[in-house]
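Me: I have a structure open and would like to learn how to read it feature by feature. Could you walk me through it?

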Amino acid sequence: MRYRQAIAVLALVGWFVALYLGLHALGIGGELKCGTGGCDTVQTSRWAVLFGIPVAFYGVVGYTAILAVTLVGLQPAWLSRRGPSLLVAALATGGVLFSAWLTYLELFVIHAICRWCVTSAVIMTLIWITATFAAFRRPSFPAPRTDP
Amino acid sequence: MNRFYVMLGVLTLALGAMLVYLLQNNPSAPRAATEAPATVIDDGFRGDTLGSDKAPVEVVEYVDFECPVCASFAVVQLPTIKAQLIATGKVRWRYRDFPLSIHKYSFFAAHAAQCAGEQGKFAEMHDQLFGNHRWAQTGQNPTGLFRELAKAAGVDVARYNACMTSGRYAARIEFSRQEGLQRNVNGTPTFFVNGTELHSSRLPTSDDFKRLADSLATRRK
């Protein structure tokens, strides 16, 4: 249960990060708060849009899916089942691969780093680690009683 | 379990409040650098140049940084012109600002280029603004992006920020625009070769400029 709670918190934070970048991509809110980073360079590069949709919205959809599955997995009927953890691990695997591709583009193609994108990549990686651990750990059963 | 959902609710509210703060507490482009001032004074500046002062041919380009055709010219034709004509001392290239009113951030971009020019980096900023031209299609406030482009152009960002906030070159840009209007410039890019407007049914290429420069040089001999 603790793992799923941790995933829910991480997915919620990631959802807000992706939403902030998505709203900026729609021209809402003006300048990105980025410190000395290269957020605007990344966000205005041609890789910031995929199939006509700002990349950040793929993140919004991904985090929404992870959060929804995790919240279902926290319901008493699903707590002992492995299915939600496996599904979140599968979703997070896609998220990590997508984040890795975006980070590669930032480092080696665009030559600028967007701190918000890195934050999202770190969150997705933490979700993947937690979900994978939760999905494949051995269930802990109570020790068998040895009556004299 | 209930405590967890309360905590999740509190976190949602906190993150929501932070998002609203990030979206609202956001400075727009410095106003002084985005529009023409009420009074325009000639400060004697006649545009940044590329190439030798002794070059026999001078090309004046009236340019709008948000104009896609100017961007195309800068990215596709200008590198060849620089290599074949400017670097060889045949042509001197002079930039004059002509920000079109239909473009939301072209005056602001011209000001960013002037602030870079103040530090001797006009050409580098010109290349950054045109080489990363997607900003002109997004409609997003480019304040942060221009700062990043200035940094990439080798500009001291603190001095650049001060320059942009002051809007100290707004009058200069407007003077250049009015000069263009007096010379019947009505679009960008418009070129003048040794003072004569270059009329062409299409965007001139590097080959066109080479032919012109060669023909003017031959006529001089």
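Me: How enclosed is β2(B), and how many of its residues are buried?

Reply: Six of the seven residues of β2(B) are buried, so the strand is largely enclosed by the rest of the structure. Buried is a count: 20 or more other C-beta atoms lie within 10 Å of the residue's own, against 12 or fewer for exposed and anything in between for partly exposed, with C-beta atoms placed from the backbone. Strands here are DSSP runs of E with at least two residues, helices are runs of H or I with at least four, and both are numbered from the N terminus. One caution: this is a predicted model, where local features need pLDDT of at least 70 and side-chain atom pairs count only at pLDDT 80 or more, while totals for chains, interfaces and linings use all residues. Residues are numbered from 1 along each chain as its sequence is written, and chains are lettered from A and ligands numbered from 1 in the order in which they are written.

Me: Which strands pair with β2(B), and in what sense?

Reply: Strands of a sheet pair through backbone hydrogen bonds, either parallel or antiparallel. Two strands are taken as paired if DSSP finds at least two bridges between them. With β3(B), β2(B) pairs in the parallel sense over seven bridges, and B:V60 has B:R94 as its bridge partner there. With β4(B), β2(B) runs antiparallel, joined by four bridges; in that pair B:V59 is partnered by B:V193.

Me: What is the handedness of the crossover from β2(B) to β3(B)?

Reply: Point the strands away from you and follow the path from the first strand over the helix to the second: clockwise is right-handed. Here the chain goes from β2(B) through α2(B) to β3(B), and this β-α-β crossover is right-handed.

Me: What is the strand order of the whole sheet, and which strands are at its edges?

Reply: The sheet is open, with five strands in the order β1-β3-β2-β4-β5 of chain B and mixed pairing. Its edge strands are β1 (49-50) and β5 (196-197) of chain B, each pairing on one side only.

Me: Is B:Q77 buried, exposed or partly exposed, and what does it touch?

Reply: B:Q77 lies in α2(B), residues 68-86. B:Q77 counts as partly exposed because 18 other C-beta atoms lie within 10 Å. Apart from neighbours within four places in sequence, B:Q77 is in contact with B:T205 and B:S206. Its C-alpha atom is also 8.9 Å from that of B:D207, 130 residues away along the chain.

Me: How do α3(B) and α8(B) cross?

Reply: Two packed helices are described by the angle between their axes and the distance between the axes. The axes of α3(B) and α8(B) come within 10 Å and cross at roughly 115 degrees. At this crossing, B:F107, B:A110, B:H111 and B:Q114 of α3(B) meet B:A170, B:R172 and B:I173 of α8(B).

Me: Which residues of α6(B) are buried, and what covers them?

Reply: Eight of the 10 residues of α6(B), residues 143-152, are buried, including B:L145, B:F146 and B:L149. Their cover includes α2 of chain A together with α3, α4, α5 and α7 of chain B. Just after α6(B), B:G154 takes a positive phi of about 90 degrees.

Me: How many residues does each chain give to the contact between A and B?

Reply: Chain A gives 25 residues and chain B gives 22. On the chain A side, α1 (2-25) and α2 (39-43) each give two or more residues, and the largest share, nine residues, comes from α1(A).

Terms used. Two residues are in contact if their C-beta atoms, placed from the backbone, lie within 7 Å. Axes are lines fitted to C-alpha atoms, for helices over the stretch in contact, and angles run from 0 to 180 degrees between N-to-C directions.
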